[in-house]
Amino acid sequence: MKKRREEIFASLSAQLAFLQEIHKVLFTANFWRMIRFAITVALHSIIYSICYQQIEAKAVALTENNFDQYVANNELVFLNFYADWCRFSQILGPIFDEAADTIEKEAAPGKVLFGKVDSVSETNLAQRFKISKYPTLKLIRNGKLMKKEYRGQRSLEGLVEHVRDLLKDPVKELNSVEEVENVDNKKRKTVIYIKDKASPIYTVFLKVAMDLRDDCAFYVIKSQLAEEHLKPEQKAEIAFSPSKSKIEPGIERYMGELLSYDELSAWTTNRCIPLVREITFENAEELTEEGIPFLILFHHPDDTASKATFEQAVTNYLLDDRTLVNFLIADGVKFAHPLHHLGKTQDDLPLIAIDSFRHMYLFPKFEDINVPGKLKEFVLDLFSGKLHREFHYGPDPVTNTNILSTNPPDSTFRKLAPSRNRYTLLKDEL
């Protein structure tokens with residue numbers, strides 16, 4: 001690309017020199033010299049613009065004014081939040097542009113957009129996406145921010161292959177009874193029975209499947225198998241089957257509007273992404289990236305009863321708080337370090353704590369999660385600032401025999417968040 005740029009600029013210089021010679025012959029008076037100069041400048045600008053557009057890649061500069069429109073008009077948006085002064089941004093910039101140019105030639109219009117955001121001048125956009133390091137690469141699909149940032153190779157091949165992978169069809173066709181019976185029972189499954197994949201109903205289903213491809217397995221059963229399953233008046237049926245179940249046993253049928261993306265997306269998301277998830281060393285970084293506090297049950301790996309009790313308590317009392325808190329279970333043997341910071345050992349399991357990414361706060365008694373309002377109050381005390389206030393100033397002046405500890409340890413899960421040294425300087429280091 002660099003060689004091509006040099007060739008174009010060399011050609012441009014030759015053309016301008018030729019034009020100047022012509023002007024010297026045609027215009028001799030001072031007035032006409034001024035006109036000649038103006039024409040030369042205008043021609044220079046036009047030719048430069050045309051030539052530069054030929055070599056400039058297709059990554060679009062996004063601003064607060066055009067951002068939402070571009071996102072709405074493209075299925076997948078790959079975002080590069082950069083800073084001009086950042087040497088890593090300077091290195092990535094031309095690579096990102098070339099990747100944009102490569103994908104633009106492969107994908108249909110409206111399918112993929114590579115967008116670049118100057119985080120220094122577009123501060124509102126940077127704050128909206130919680131950008132604190134440069135460059136940061138995020139993805140938006142169907143208007144929704146994907147949970148995972150891009151942390152793969154920052155090479156042309158790495159960027160292009162990642163986008164190609166995201167564009168692959170995640171829905172597997174099942175064409176026989178044997179294939180239906182032999183689906184992977186370890187994953188949650190969403191299946192559509194439909195007579196014809198050309199139906200707009202399948203288009204909506206595929207859109208949802210693309211969103212949740214990392215959280216569920218998606219299947220389509222069509223043609224004769226679908227006709228045998230569907231009633232004569234049915235155009236399609238969508239159903240969900242939990243893990244450790246085949247497609248039929250324990251299946252839950254979708255009763256909403258088949259052509260409503262928002263309705264189907266909400267229904268599928270609530271089933272594919274469990275209310276209570278397990279945190280491991282492998283997914284901790286991804287979970288911290290979501291940016292909301294952890295309510296964690298630490299349990300012994302052989303103890304399944306406390307897990308069931310915790311999941312039921314969260315379902316009963318905290319369902320409305322699922323967007324504010326991540327409900328997690330953690331192997332207390334593997335995560336012995338956070339227990340040590342809490343002043344606890346394996347002998348104290350099970351126990352519950354909130355990690356705010358600043359401090360960890362211990363729930364007084366595990367058994368109290370069955371007392372209506374206790375677990376809810378614990379979470380609300382975090383957001384009201386009570387837990388933090390008591391940490392700094394001691395207990396609030398109320399009579400309470402179960403006052404929470406006023407000396408909670410620092411967060412340990414914060415250390416599992418995306419590395420501060422992965423990119424370059426952070427804002428608070430400037």
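In what order do the 5 strands that include β6 and β10 form an open sheet?

1. **The sheet from β6 to β10.** The order is β6-β8-β7-β9-β10, and the pairing is mixed. Strands pair if DSSP finds at least two bridges between them. The edges are taken by β6 (171–174) and β10 (252–253), each with a single partner strand, so one side of each is left without a neighbour in the sheet. Within this sheet, β7 (residues 189–194) and β9 (residues 236–241) are paired in the antiparallel sense over 6 bridges. To see one of these positions, look for I192, whose bridge partner in β9 is I238.

2. **How to read the names and values.** Please keep in mind that this is a predicted model, in which local features need pLDDT of at least 70 and side-chain atom pairs count only at pLDDT 80 or more, while totals for chains, interfaces and linings use all residues. Residues are numbered from 1 along each chain as its sequence is written, and side-chain values use heavy atoms, with hydrogens and water left out. Helices (H or I, at least four residues) and strands (E, at least two) are DSSP runs, numbered from the N terminus.

3. Helix α10 lies across β7, β8, β9 and β10, and runs at about 25° to β9. Angles here run from 0 to 180 degrees between N-to-C directions, and axes are lines fitted to C-alpha atoms, for helices over the stretch in contact. The axes of α8 (residues 200–211) and α10 (residues 261–272) come within 10 Å and cross at roughly 40°. The two helices α8 and α10 are therefore oblique to each other. For this label, angles under 35 degrees count as roughly parallel, over 145 as roughly antiparallel, 65 to 115 as roughly perpendicular and the rest as oblique.

4. **Where α8 meets α10.** The crossing of α8 and α10 is right-handed (the near helix is turned clockwise from the far one by less than a right angle). From α8 the contact uses V204, F205, K207, V208 and D211, and from α10 it uses Y261, L264, S265 and T268; contact means heavy atoms within 4.5 Å. By class there are 5 nonpolar, 2 polar and 2 charged residues in this contact. Ala, Val, Leu, Ile, Met, Phe, Trp, Tyr, Cys and Pro count as nonpolar, Asp, Glu, Lys and Arg as charged, and the others, Gly among them, as polar.

5. **The sheet from β11 to β15.** Another group of 5 strands forms an open sheet in the order β11-β13-β12-β14-β15, with mixed pairing. Its edge strands, β11 (276–278) and β15 (360–362), each pair on one side only. From one strand to the next the twist averages 30°. β11 and β13 (residues 326–331) pair in the parallel sense over 3 bridges, and V276 stands opposite F327 in β13. Helix α12 (residues 305–317) lies across β11, β12 (294–299), β13 and β14 (351–355), running at about 160° to β12.

6. **Two further helix pairs.** Helices α4 (residues 87–106) and α6 (residues 156–166) pack at an angle of about 40°, their axes 9 Å apart. That makes α4 oblique to α6. Their crossing is right-handed, and the residues of this contact divide into 9 nonpolar, 1 polar and 3 charged. Helices α14 (residues 374–384) and α15 (residues 386–393) pack at about 70°, with axes 5 Å apart. That makes α14 roughly perpendicular to α15.

7. **An aromatic pair to look at.** The count comes to 13 aromatic pairs, where rings of Phe, Tyr and Trp (its six-membered ring) pair if their centres lie within 6.5 Å, and planes under 30 degrees apart count as stacked, over 60 as edge-to-face and the rest as tilted. F78 and F114 form a tilted pair, 5.3 Å centre to centre with 55° between the planes. F78 lies in β2 (residues 76–82) and F114 in β3 (residues 112–118), so the pair ties together parts that are 36 residues apart in sequence.

8. **Backbone points to check.** Most residues other than glycine have a negative phi, and most peptide bonds are trans. The peptide bond from Y134 to P135 is cis, with omega near -15°, and P135 is found in the loop between α5 (123–128) and β4 (136–141). K130 lies in the loop between α5 and β4 and has a positive phi of about 55° although it is not a glycine. L349 and P350 are also joined by a cis peptide bond, with omega about 0°.
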